[in-house]
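Trainee: I am new to this structure and would like to know what stands behind the terms used for it. Can we go through them one by one?

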Amino acid sequence: MIVSKNVKWRWWFGAFSAFLVPFAIYLPTVYPTYCFFSDSGDFIASSELLMPPHPTGYPWFCMLGKLFAMLFPFGEVPFRYGFLTMLFVPLTSLMAFLLLMELTDNAPISVATSWAVAFGSTLWFGSVAAEVYNSNLFLTMLTLYALVKFWRTGDKRWFYSAGLTVGFGAAHHLTLPLMVVGGLIGFVIAWHWLPKKPSPQDWLVAFLLACLPLTYYAYLPIRAPKPYGYRLWQLTGDDPAKSFKDFVKYVLGLRFRYMMGVTPVSQYPRRFVDWFRQGAYEYTLLFVAGMLFGWLSVLRFTAFWLVTLGMFLAHLAFYLGYGVPDIVYFYTPAWTIAVLWGGLALFCLWDWAKRVHGLLAVAVLAIPFVSAEFSVANAMPMVWQTDKFRGRRYLETVLRDTPQNAALLVSIDDVLFNLWAIQAVENKRTDVLVVSVYQWQPILLLMRKVVSTTADVYRFFNPYPWHLRPVKPWLAEFDELPPVEIVKQCKEHPSPAPVVHRSKLVVPPEGVHIGTMVVAEVEMCVDGKVATDWGYLWLICRQGTAITDATGPSSQSWGWWWFYQPFPAADEGERILFKLKVALPLVSNAIPGYFEFRGMPHPRIEPLPNNASQMQILWNKATQLGTVLGWGR
């Protein structure tokens, strides 16, 4: 598209605004140090040491991150990776602006739509620490922009560029190649309406260029034989250096195939409603306009709408059935396409309104700006925090208090990966063997002392005959003896019923990460003859969560759960004062917030809460012990 000199300022000013506004607003929210966001620690450690991270390898991002961290000499290493991650958002916003300008030549709608794309809360939440979702979105927008430029100018180099960006997407995050499959189907359907048609030779060149970035994967088998620490993905059957078959398994992420398509098709409508509801919350007016009226743009942007519709449907067809806990981050590309449709729909409405009345056209132009403002207001509470160093303090405290040459067993990736990163980047406490619960082997207990900072290991394996005995509010040792001690005989209570002398929670002053543990202490006297018939039951519920089967442990939402510690046998025949010091799990996939703890003596013969009704009855009977702040990143 040739732009005359008298309108070039709209392009330059719009591009400047589309990039600079998200950049300026995002920058203060980047974490300056280690935090607890998902896989950020794994990407930092893997990139710094050029070792394979978890499947699918993400070679383009890891090698780019290594180069960027070397050339960008500001801040801590985690900040450099977070800054790089953040930088892809204003670049994505810029691509969205340029894309819509090519289609509409309307600067206000293009700028406002680009801001709406940038300020979705899920995208923002995943852009302040090392992650791959927004760089994948940038490559998606860049591919669409190159395709539209080819249609507008006929310059085949743009078509070849689209093929190249798809290749970079394939060497980074497999979402873009997945969407391209649907886009190609839309391309074929839209063939009659294509402004420019690529020749067979053009397809061949684009395909060869798409294959070129796949060479990034070559470093995975080269570096795989040199793992660090105990983060051996090879132990779980993912060794890209073992054979070509294992290499393909690793690159395609087939270790996660048990999560693919696990959702029955009958539940797709419900999941789509959840997808729609979350998208409407994050992107507000533009998203709703795109989903309800985006199809109107097919009259003026037929080829673009059909291609993006194919990408949209391919994306949802896969991810609506994908059962990973962090599925919300995978929804971002489909949400973004809907926002682009909303921008095009409002452009069509504006084009009609300006012929009716000027004020009506101005009102239409205001809609995308208001939508972007709503998105910023919704996202702000999630990304602005007063203390961004809490994660580093916690991680360093755990490493400091771990015994010399011990194995530290961790069951939540947020904590695990960042502990690896501190060891790999800063060479701190390398004597500690940080072990994923998925790779834990009981033989470790024969080789060295084993401790844990996450008490929810009971979710993953039966530690019998081992127990967790807390030594710090954030650390517990594996012990053959249960965390119950006989203090003395108790003659204060002649009644045969158990009596609780004292019960309290031992919580760090800053609260506790939702993937770690809370220490509870209880002193209770029981008749020694029937001690083995009793135990103490802790009940945990997130404030504001209804106790229903839909929020229980079996639903994996973990809005409420429980922990039970039985008493051991006592030789004495009289009443005995028992002291319990137990590590209670604050389950990792619970939502951050405040959690209420209650407790009560509970006989072994009575059932533990297997459903919401049983939990509710016990909850009403139990004594309140306190409320704990469970924080996320």
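Trainee: Which residue of β14 stands opposite R598?

Mentor: In this predicted model, R598 has Q624 of β14 opposite it.

Trainee: What makes β13 and β14 a pair of strands?

Mentor: Two strands count as paired if there are at least two bridges between them. Strand β13 (residues 593–603) and β14 have seven bridges, in the antiparallel sense, so by the rule of at least two bridges they pair.

Trainee: How do you know that β8 and β14 pair?

Mentor: Strand β8 (residues 512–513) is joined to strand β14 (residues 623–631) by two bridges. The rule asks for at least two, so β8 and β14 pair. These strands run parallel, and V512 has G630 of β14 opposite it.

Trainee: What joins β10 to β13?

Mentor: Strand β10 (residues 534–542) runs antiparallel to β13 and is joined to it by nine bridges. In this pairing L537 stands opposite M600 in β13. Helix α21 (residues 612–621) packs on the sheet and touches β10, β11, β13 and β14. The direction of α21 makes about 105 degrees with that of β10.

Trainee: Why is the pairing in this sheet called mixed?

Mentor: Strands of a sheet pair through backbone hydrogen bonds, either parallel or antiparallel. The open sheet has five strands in the order β8-β14-β13-β10-β11, with mixed pairing. β8 and β14 run parallel, whereas β13 and β14 pair in the antiparallel sense.

Trainee: What makes β8 and β11 edge strands?

Mentor: Each of them, β8 and β11 (560–566), pairs on one side only.

Trainee: How many bridges join β1 to β2?

Mentor: Strand β1 (residues 407–410) and strand β2 (residues 433–436) run parallel and are joined by four bridges. The partner of A407 in β2 is L433.

Trainee: What makes both faces of β1 covered?

Mentor: A407 and L409 on one side of β1, and L408 and V410 on the other, are all buried.

Trainee: Is N405 buried or partly exposed?

Mentor: N405 has 43% relative accessibility. Buried means under 20% and exposed means over 50%, with partly exposed in between, so N405 at 43% counts as partly exposed. N405 is in the loop between α18 (390–401) and β1. The phi of N405 is near 60 degrees, a positive value in a residue other than glycine.

Trainee: Why is Y58 called buried?

Mentor: Y58 has a relative accessible area of 10%. The cut-off is under 20%, so Y58 counts as buried. Y58 lies in the loop between α2 and α3, and the phi of Y58 is near 45 degrees, positive in a residue other than glycine.

Trainee: Which peptide bond is cis, with omega near 20 degrees?

Mentor: The bond from P55 to T56 is cis. T56 is found in the loop between α2 (40–49) and α3 (59–71).

Trainee: Why does F83 count as buried?

Mentor: The relative accessibility of F83 is 10%, and buried means under 20%, so F83 falls on the buried side. F83 sits in helix α4 (residues 77–104). Leaving aside neighbours within four places in sequence, F83 is in contact with F23, L27, V30, F68 and F72.

Trainee: Why does W474 count as buried?

Mentor: W474 has 18% relative accessibility. With the cut-off at under 20%, W474 counts as buried. W474 is in the loop between β4 (467–472) and β5 (475–479). Not counting residues up to four places away in sequence, W474 touches Y394, T397 and V398, among others.

Trainee: What is the volume of the second largest pocket?

Mentor: The volume of the second largest pocket is about 540 Å³. This pocket is lined by 24 residues, and the closest to its centre are G163, V166, V180, L184 and W203.

Trainee: Which helix gives the largest share of the lining of the second largest pocket?

Mentor: α9 gives the largest share, seven residues. Each of α7 (133–153), α8 (156–170), α9 (175–189), α10 (200–211) and α14 (302–319) supplies at least two residues of that lining.

Trainee: How many residues of the lining of the second largest pocket are nonpolar?

Mentor: The lining divides into 20 nonpolar residues, four polar and no charged.

Terms used:
Residues numbered from 1 in each chain as written. Predicted model: local features only at pLDDT ≥ 70, side-chain atom pairs only at ≥ 80, totals over all residues. Heavy atoms only, no water. 1 Å grid on protein atoms, 1.4 Å probe; cavity = no way out; pocket = protein on both sides within 12 Å on 5 of 7 lines; lining within 4 Å. Points joined across faces, edges and corners; volume = space filled by probe spheres on them. Nonpolar A, V, L, I, M, F, W, Y, C, P; charged D, E, K, R; others polar. Contact = heavy atoms within 4.5 Å. Axes fitted to C-alpha atoms, helices over the stretch in contact; angles between N-to-C directions. Buried < 20%, exposed > 50% of the residue type's maximum accessible area, 1.4 Å probe, protein only.
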